[in-house]
Amino acid sequence: MLLDFCFSDREDSWEWVDSVDGRFSVAMCKKLLRLNRDQGRNQNMQWESWVPNKVNLLVWRAEFARIPTRDALVQRRIPIPTMSCPLCEVDDENLKHLFIGCGFAYGVWSFICKWCKVDPFCAFDFKDLLLLCDNIGGNKWRKKIMRGIVMVTIWVLWKTRNAKVFQQKTSRVGEVVAEVKSFSFLWIKNRSKFKNVEWKDWSDFPLYICN
Ligand SMILES: [Zn+2]
């Protein structure tokens, strides 16, 4: 055991091998813990403070395919009357279809992009939705607002889907967009530093508050 050990006449001391100068710091320790955790979970979602926990949690669960879409129910051998997507009734429902491939969802995203004055996005996977705000230039809050709006849109789409499945309530694309605008307005006004945001300005162009 001691064969590879090199003895010296120096006094013994503790050394933190993961730092440059050998000194321990709590910050370095936290950084290492975070690094290990992030590598382990490979997650794109970032918790967004101005939207409520229920929205953050849904997006978090969706990223790990932990929401009961119809394909997930079939995989768990739960009997369901149909595989059809409740929003478009054209294709089978799965996570990717519901939030990206679905014609209804596409209509919603198109309006959301126009509202935020960003180019229509290209998403191939659910995870791509969570990375959209990375392409938004400008300050930190522009990214935060865009990230939150994407999350609120996912949440409202899921809510709309559930209303159709459990209450047979059909919504139009315009109604879903209106809900995204009003919920996001309520939360940005009450849960962020932008207390003075005005409904008219927000509903015209939400990123105006970052100018
Ligand atoms: Zn669909």
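The crossing of α7 and α8 is right-handed. In this predicted model, the two helices pack with their axes 9 Å apart, at an angle of about 130°. That angle falls between the range counted as roughly perpendicular, 65 to 115 degrees, and the range over 145 counted as roughly antiparallel, so α7 is oblique to α8. On the α7 side, the contact is made by G148, I149, V152, T153, V156, L157 and T160. These residues meet V176, E179, V180, F183 and S184 in α8. By class, the contact of α7 with α8 has 7 nonpolar residues, 4 polar residues and 1 charged residue.

The protein chain holds 9 helices and 0 strands. Along the sequence, its pattern reads α-α-α-α-α-α-α-α-α. The protein chain has 211 residues, and 25% of them count as buried. Contacts between residues at least 6 apart in sequence were also examined; 52% of these join residues at least 24 apart.

The axes of α5 and α8 come within 9 Å. They cross at roughly 50°. From α5, the residues in contact are F104, G107, V108, F111 and I112. From α8, they are V173, V176, V177 and V180. This contact of α5 with α8 has 8 nonpolar residues, 1 polar residue and no charged residues.

In soluble globular proteins, nonpolar side chains tend to be buried together. The largest nonpolar core of this model has 35 residues. Within it, A105, V108, V150, M151, V152 and I154 touch the most other members. Six helices each supply at least two residues of this core: α2 (53–63), α4 (95–101), α5 (103–115), α6 (126–130), α7 (140–167) and α8 (173–191). The largest share, 10 residues, comes from α7.

V108 links the core to the helix contacts described above. It is among the core residues that touch the most other members, and it is also part of the α5 contact with α8. Leaving aside neighbours within four places in sequence, V108 is in contact with T153, L157, V173, V176 and V177. Of these partners, T153 and L157 are among the α7 residues that meet α8. V173, V176 and V177 belong to the α8 side of the contact with α5.

Most residues other than glycine have a negative phi. Two residues depart from this pattern. Phi of A65 is near 55°, a positive value in a residue other than glycine. A65 lies in the loop between α2 and α3 (70–75). It has 14 C-beta neighbours inside 10 Å and therefore counts as partly exposed. E89 also has a positive phi, of about 55°, although it is not a glycine. Its place is in the loop between α3 and α4. With 13 other C-beta atoms within 10 Å, E89 is partly exposed.

Note on methods. Residues are numbered from 1 along each chain as its sequence is written. This is a predicted model: local features need pLDDT of at least 70, side-chain atom pairs count only at pLDDT 80 or more; totals for chains, interfaces and linings use all residues. A nonpolar core is a set of buried Ala, Val, Leu, Ile, Met, Phe, Trp, Tyr and Cys residues joined through C-beta atoms within 7 Å. A residue is buried if 20 or more other C-beta atoms lie within 10 Å of its own, exposed if 12 or fewer, and partly exposed in between; C-beta atoms are placed from the backbone. Helices (H or I, at least four residues) and strands (E, at least two) are DSSP runs, numbered from the N terminus. Two residues are in contact if their C-beta atoms, placed from the backbone, lie within 7 Å. Axes are lines fitted to C-alpha atoms, for helices over the stretch in contact, and angles run from 0 to 180 degrees between N-to-C directions. Angles under 35 degrees count as roughly parallel, over 145 as roughly antiparallel, 65 to 115 as roughly perpendicular and the rest as oblique. A crossing is left-handed if the near helix is turned anticlockwise from the far one by less than a right angle, and right-handed if clockwise. Ala, Val, Leu, Ile, Met, Phe, Trp, Tyr, Cys and Pro count as nonpolar, Asp, Glu, Lys and Arg as charged, and the others, Gly among them, as polar.
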